Amino acid sequence: MKNNILIIGGGPAGLEASAQLQRMGYNVILIEKDSVLGGHLAKWDRLFPDGVPADEVLSGLIHGTEGVKLFTETEIRAINRLEKSYNVRLTNGITVLSDAVLIASGFDLFNAVKKEEYGYGIYDRVITNADLEAYFKNGSDKRIDHPKRIGFVHCVGSRDEKSGCRSCSKVCCATAVKQAIEVKESFPDAEVFCFYMDLRLFGRHYEDLYLKAQKEYGVRFIRGRVAEVSENIDGSLVIKAEDTVASKPLKATMDLLVLMSGMRPSVSGKAVGDLLEMTVEEDGYFAVRSGIAAGQRSPLPGLFLAGAATGPKTLPETLADARAAAVEIDRYLTEIFPDARNYKQLVRERW
Amino acid sequence: MVDFGFGLVPSSRMNLDLFDKEKYEELAEIEPDVRICMACGSCTAVCTAGKYTRTSLREAIEDIKNAKPEKALEMLRACQLCGKCSMVCPRGINTRHLILSITKVYSAK
């Protein structure tokens, strides 16, 4: 018998897990709330550390999902746990009886408007990392007009308890360095500054990217969080920060300021979690089953988690997480699920 | 002049708008390694002159980038070019050549 597996979220994690499980011979149903697949990846232009086009990666992921039953513009209306399976009613009227469910609901970008001191939505030339990617992708943005001085503000909605975001979003440092290089390529005469607290360039090749930004592109890295931004009458921006290496306050005029919005738990993912009364940790992301080796299992039997639903992840980490979830789901459906008589005991022992 | 019992000190704030881009590019032309310092402070920690005087290559590089070249020159005045800093720099900067280049470029009127 082919088991039904429902995957919630058509971003990189959902697509990759779908492809893997489809290959294993399961009956995969993938739902996505938007009209297009890909999540944030569909809105991005190029990816760190090598600058590969996001389109290429996404079309590869979508290509792999051939045979998967796909419903876009579809959300979950109701979901309840039967003895072993999940009965899921979708907003398109279809009901699915699913033996395993994978939540790959991803993340939302931090709403930069909340950091009023940076003036996003108030000053014309303050944009976000997502706006800059859209500019690279579409080639136009009236706020970006041959800037001579460009500043990047790290940790907007990350490591900031005032805005309710204690954790590090993990990907913004590398994204800022990548984007700093890209704006320098677009505007070679511009001076580019990155204002950071710590540079967290942990991944393979990330440090090379940082060195390249300094050495070949002359990007200036200043340790200190931008404290406030104000606008001159000509639309340019005055920023204030402390250079904490020099232990001195500084001010500088910028033509463009890019806020590195961090990752926040997905609001629509949380709505699905609420239907199942899933445990959410203090940081707002879903809790995995206790223990460092629990991986992609949620506290509920047959319910799995992958990607940024369990906290900020880079794209390669998300894909690895999705593949791991596929293996975990396969193990569950072959070892625990079929044994009807001992199901409860097996769940207790092996879940 | 009435003595109010206090005086005013000049602002310590740095203004990056005063940064001399041409001069910096001139320096980077002869010693490109000025760009790759990551302000770890290893050079300052081992500096023999720094033990007794205000000498710090890390601070000098910062001063240049923060539009205070006269402070940078002051910071390197007591350097004896012993080269200990070049042995510890994690980025492999040719520190002696950098110090000489800073002095050359920024001392010129």
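This is a predicted model: local features need pLDDT of at least 70, side-chain atom pairs count only at pLDDT 80 or more; totals for chains, interfaces and linings use all residues.
Okay, let's start with chain B, which has 6 helices and 1 strand. When I say helix or strand, I mean DSSP runs, H or I over at least four residues for helices and E over at least two for strands, numbered from the N terminus. Residues are numbered from 1 along each chain as its sequence is written, while chains are lettered from A and ligands numbered from 1 in the order in which they are written.

Back to chain B. Reading along the sequence, you get β-α-α-α-α-α-α. Its C-alpha trace spans about 55 × 35 × 25 Å along the principal axes. Chain B has 109 residues, and 34% of them count as buried. Buried here means 20 or more other C-beta atoms within 10 Å of the residue's own; exposed means 12 or fewer, partly exposed is in between, and the C-beta atoms are placed from the backbone.

Now, which residues of α1(B) meet α6(B)? They are B:Lys23, B:Glu26, B:Leu27 and B:Ile30, and across from them in α6(B) sit B:Ser101, B:Ile102, B:Val105 and B:Tyr106.

As for geometry, helix α1 (residues 21-30) and helix α6 (residues 95-107) of chain B pack at about 145°, with axes 10 Å apart. Those axes are lines fitted to C-alpha atoms, for helices over the stretch in contact, and the angles run from 0 to 180 degrees between N-to-C directions.

Most residues other than glycine have a negative phi, and most peptide bonds are trans. A:Cys155 isn't a glycine, yet its phi is positive, about 55°. You'll find A:Cys155 in strand β12 (residues 149-156), and it counts as buried because it has 24 C-beta neighbours inside 10 Å.

A:His205 also has a positive phi, about 75°, without being a glycine. Is A:His205 buried or partly exposed? Partly exposed, because it has 13 C-beta neighbours inside 10 Å. Its place is the loop between β13 (191-196) and α5 (206-215) of chain A.

Last one: the peptide bond from A:Phe48 to A:Pro49 is cis, omega near 0°.

Conventions:
Two residues are in contact if their C-beta atoms, placed from the backbone, lie within 7 Å.
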